[in-house]
Amino acid sequence: MTREQPSELLDEVRKLRETGEALIERVEDVAASIRYMTNNLLDEEYHPEMAAGIRQLARQVGELVSLSPTFSSHEALTPFAKQVDEFSERCCDSVNGQVGAVDHPVKQAGASRSDAEKNASEEEERRLGLHAGEVTGDVEADDSAEAIGVSANGVTMPTAAEPSNTRSEQNGGACQHFLWPDEGLEPHGDELVVVENSDGDVAIYTADGEHLATESDRASAVRSAELRRIGQRHGPVDAKRHEESQTDRTLPNGSKEADSAAEKPAVAESQEFQAEGMDSFASHHRPYTLDDLQSFQERLENQQITADELKTEFRRLLDSRNAIIETLVQGNNAKQLKAKAIRCGSCNAGRQTKAENAAAIFHSMTVWLNLHRSVRFSPFDGETYEDALAKMVDEITEDDLQDFFRQNSDRQAAHEKALENPENLTEFSTFVRELGEGQLTDEQHLRRDRLYADMSRQTRVERKSNSVGQFQSDQLDGLEFSVKEGFHDKRQCKLWIVQLSTRVDRATYGELNAKAHQLGGRYSSFKKNDAGFQFFTEEAAEKFVGLKEGDADRSEELEDRRIRKITGAGQRFSAMADRLTEQAEATLAADDIKLKNTHRRAKQAASARAGAREALATAKTLRSLASQLKEGETPYLDGIRYATQIETLRSILRRARWAHIKHVMDSEYSELSNYQQNVKQDELENRSSDASDIRYAEYPKPYLYRGHLERAFAQLASTKGVKQITAKMQKLVGRCPKGQEHVEFNSDHDIKLLEDFLGRAKASGYNCYWFEHCLEDHKRLRAANIHDGHELRAALAELLPHLTPAEGDDPVTQAIDELRGKELPGFYPTPRPIILQMLDLADIQGDDRVLEPSAGMGDILDAIRQRHPDVDLKAIERNHTLADVLAAKGYSELTTFGDFLEHQCPCDKIVMNPPFDRQGADIDHVRHAYELLSVGGRLVSVMCKGPFFRSDTKSREFREWLNGLDHDVEELPEGAFQGIDAFRQTGVQTCLVTIDKA
């Protein structure tokens, strides 16, 4: 070897290091499975070749596991890298003629051996590939497990190309080193050393120098060492059981199996598995696990499996039955195993033992490997489930597998489609199961409700018989029926009357009358000569007579009855709408002449207006619904007959709207401050009900307060005729939690019990107001053919377009009503007649600048805008309380809030009603307004009469000032600020003052 070779060797070693580090992680899991299979699962009586191959493979795995980072630790390098580095150092030393000795406890113990033994040992090392010169030529830079041919301590590591049980025959008791020297030794991942002395004795040591056994022959030494190792790790019982399992056994062909697998010949199967590699061999012969099943299912879904592989997988599963069950029992507590069994579809998991639940899990695993998903077998013929299942799996062909793949692809496509756009109940069930009901859009939620509603309605239709059964009474055998024609005076139409030849008893009459009702007839004795069972069609009368001979079909009668009910409901709704409209319009007309000068009167008037507008909205809804009922375009509202049912649906929709608001507040705005939450809630409350609210609607179930029920029980428990039903109700209430204040009746059975209790209690004279009240909504919906939440939401969605929201008072009226009753000093709005008179005096032109210095509620501004919409108009108001009214009227931009006496903007016309309740306030406003007038301008103002006759200085000066101007004073009628036109009344005598500025 030259001095350039060590660097080449180090390059090879680095490649080995990279290969080893990547391989170790995978090897450990496989090795654990091989150990388990070697010790517990392999039955050598039936699989001797398999056992030999696995043991050879185990030796290879054990050598690699010994290099794992979990086997020993090092701070800088992994054990594998460290050992490779040590090996490279020995190779470098060999170049200088200094071959490093193998540092091993057993070797140190035999340091006094002869030179011949040493030479033989060196020769053995060269033969095994340990000499540096040989390693350079033998080790290849290959990124595979076969490239690793040596370990750092000098022990040969068997490869796929070199059998692991290769030995050299030594003379003179040379020491041989093996990781697992014999096939019979239990693999634990520890390094073992076999020493053969010159006397022929064989000694086995651990890597740490611990002596395990010494026997005269190798097979006995191996067995003794194995038993000791098993006893140290698992106890004497397992060691004894292992010893018994290693005794001679008779093979199926009648021959004896050798004690040690090392003495068995190398068979073709073991070599075949060895050539395939560790992963292939371990995956085919280790015990089946749930992870294997999951991996198989993934390959099956990806269409990466053949029929033969499926059968092999199934046989592995069956062969691993006991191991799987034992693993499940030992690796899970009872609660965990029960949960797994439930997930696997076991209905009795809660009542089964751990072993039974484990068996149920294994049973489900076998079903998952069966493409047909079901098994037919005859237990009475001695056939078992496993036999039938194995037979079905063995009969699977490639065509069957391809059919399964196609079906699986179709199922997968259907599954993906269900998650993207569900359209039928099956798809909706898949969507809700996978993603949850909350992920449905409003449209999808409504579509789902309609599908469920259609299904439940169809079920009720199918339960309802379309035929009338034959008469059953024996009294009708000799009875004769006759049909005569009559006339209905009220309806002004013909009648067909079925009369009997003789009288019948009460029971027979009841049967006749019930069947007559089913065919659309009834018994009447209003006219003595025409007494009998009356029908509106001759066909119905003939069917009734034919019931003596057999059943009669009543499909036509049912359809006629349905159309008759819908038509009657439409006519009833139209008539009701007309009546509501007439009453509402009369109420609104009367509002115009009502006196609303106080807060209380204003509230009463507002309430009356709201009721009238609600009636108008209901009338519009009834008309719209009536037209749709007549056309048959309301499939989910076809049972609506009365306006109270519509009102019940509207109240449910309002509750759903509040539930929607609460859900939005809790889910989206819970992190906001209280103020921000209130703002958001106000925004949500100001909107009308829409389709997004419908999904939050819930079917109203009756409920009663426990106190009401307990008082009823105390009184009715001893009342004759109610005792039994009261006891049943007490038992029902007793099942509710004691702390619960009210009792809900959710199931149909409980609701029927409540109705029965209500009827009997009412008949006994008990006051049943609360009982009747709690059942009102439920009874109305049932009468409207709405029986559950799905039908309810479908009906609400159908009703929503017909609902007309009631109009409220306009914002101006609302703002004005808020002012009624408030104390506002000097605030006396100008009545409409006086405003019109003031505008006549002002003579406003199109280009004038007009000022209203005391805007108040904007009444004068309204009149100016109405007469002169294009004029330049300004307003001033001191009281901010009036800002809402002015804003509602649209005067926010042209109004300035402040003191008019400080205003200095010139103008051409001033029209005002200044405060005149304070002495002299109107004088100050008039004189300041005059100062603002431009030359040629005019001022028109309301003033009280006081300044024109009072003797105080301010009044005298005002009269003197006014007399020097071009002015005119016009007295207003007495009580001008009183009466219905006055918003706030006062008895002060007033006048109009007009001043022109020259």
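## Overall architecture

What share of the contacts in the protein with a separation of 6 or more is accounted for by residues 24 or more positions apart? Such residues account for 66% of those contacts. The structure is a predicted model, and the descriptions below should be read accordingly.

The secondary structure of the protein comprises 37 helices and 19 strands. Of its 998 residues, 42% are buried. The accessible surface amounts to about 53500 Å², and carbon and sulfur atoms contribute 47% of that area.

## Helix pair α36 and α37

Two packed helices are described by the angle between their axes and the distance between the axes. For helix α36 (residues 921–932) and helix α37 (residues 953–963), the axes come within 11 Å and cross at roughly 30 degrees. Because angles under 35 degrees count as roughly parallel, α36 is roughly parallel to α37. The crossing of this pair is left-handed.

On the α36 side, the residues that meet α37 are I923, D924, V926, R927 and Y930. Their counterparts in α37 are K954, S955, E957, F958 and W961. Classified by type, the contact of α36 with α37 holds five nonpolar residues, one polar residue and four charged residues.

## Helix pair α27 and α28

The axes of helix α27 (residues 723–734) and helix α28 (residues 748–763) come within 10 Å, with a crossing angle of roughly 140 degrees. This angle makes α27 oblique to α28, because a pair counts as roughly antiparallel over 145 degrees. The crossing of α27 and α28 is left-handed.

Helix α27 contributes I725, T726, K728, M729 and L732 to the contact, while α28 contributes D750, L753, L754, D756, F757 and R760. Six of the residues in the contact of α27 with α28 are nonpolar, one is polar and four are charged.

## Helix pair α24 and α30

Helix α24 (residues 643–668) and helix α30 have axes that come within 10 Å and cross at roughly 115 degrees. The crossing of α24 and α30 is left-handed.

From α24, the residues that make the contact are T644, Q645, T648, L649, I652 and R655. From α30, they are D777, R780, L781 and A783. The contact of α24 with α30 divides into four nonpolar, three polar and three charged residues.

## Loop residues with positive phi

Which phi value does Q492 have, although it is not a glycine? Q492 has a positive phi of about 55 degrees. Q492 lies in the loop between β6 (481–488) and β7 (493–500). With a relative accessibility of 55%, Q492 counts as exposed, because the cut-off for that class is over 50%.

N785 is likewise a residue other than glycine with a positive phi, near 65 degrees. Its loop runs between α30 (776–783) and α31 (789–799). N785 has a relative accessible area of 24% and is therefore partly exposed.

## Residues brought together from separate parts of the sequence

A855 is located in the loop between β13 (849–852) and α34 (859–867). Is A855 buried or exposed? At 4% relative accessibility, A855 counts as buried. Setting aside neighbours within four places in sequence, A855 is in contact with L861, A875, I876, E877 and L886. A855 and V911 are 56 residues apart in sequence, and their C-alpha atoms are 9.8 Å apart in space.

D474 occupies the loop between β5 (467–468) and β6. At 64% relative accessibility, D474 counts as exposed.

L451 belongs to helix α19 (residues 442–463). Its relative accessible area is 25%, so L451 is partly exposed. Apart from neighbours within four places in sequence, L451 is in contact with E423, N424, L425 and F428. L451 and A794 are 343 residues apart along the chain, and a distance of 9.2 Å separates their C-alpha atoms.

Terms used: Residues are numbered from 1 along each chain as its sequence is written. This is a predicted model: local features need pLDDT of at least 70, side-chain atom pairs count only at pLDDT 80 or more; totals for chains, interfaces and linings use all residues. Side-chain values use heavy atoms; hydrogens and water are left out. Helices (H or I, at least four residues) and strands (E, at least two) are DSSP runs, numbered from the N terminus. Buried means under 20% relative accessible area, exposed over 50%, partly exposed in between (1.4 Å probe, protein chains only). Contact means heavy atoms within 4.5 Å. Accessible areas come from the Shrake-Rupley method with a 1.4 Å probe; for residues, only the protein chains shown count as cover. Axes are lines fitted to C-alpha atoms, for helices over the stretch in contact, and angles run from 0 to 180 degrees between N-to-C directions. Angles under 35 degrees count as roughly parallel, over 145 as roughly antiparallel, 65 to 115 as roughly perpendicular and the rest as oblique. A crossing is left-handed if the near helix is turned anticlockwise from the far one by less than a right angle, and right-handed if clockwise. Ala, Val, Leu, Ile, Met, Phe, Trp, Tyr, Cys and Pro count as nonpolar, Asp, Glu, Lys and Arg as charged, and the others, Gly among them, as polar.
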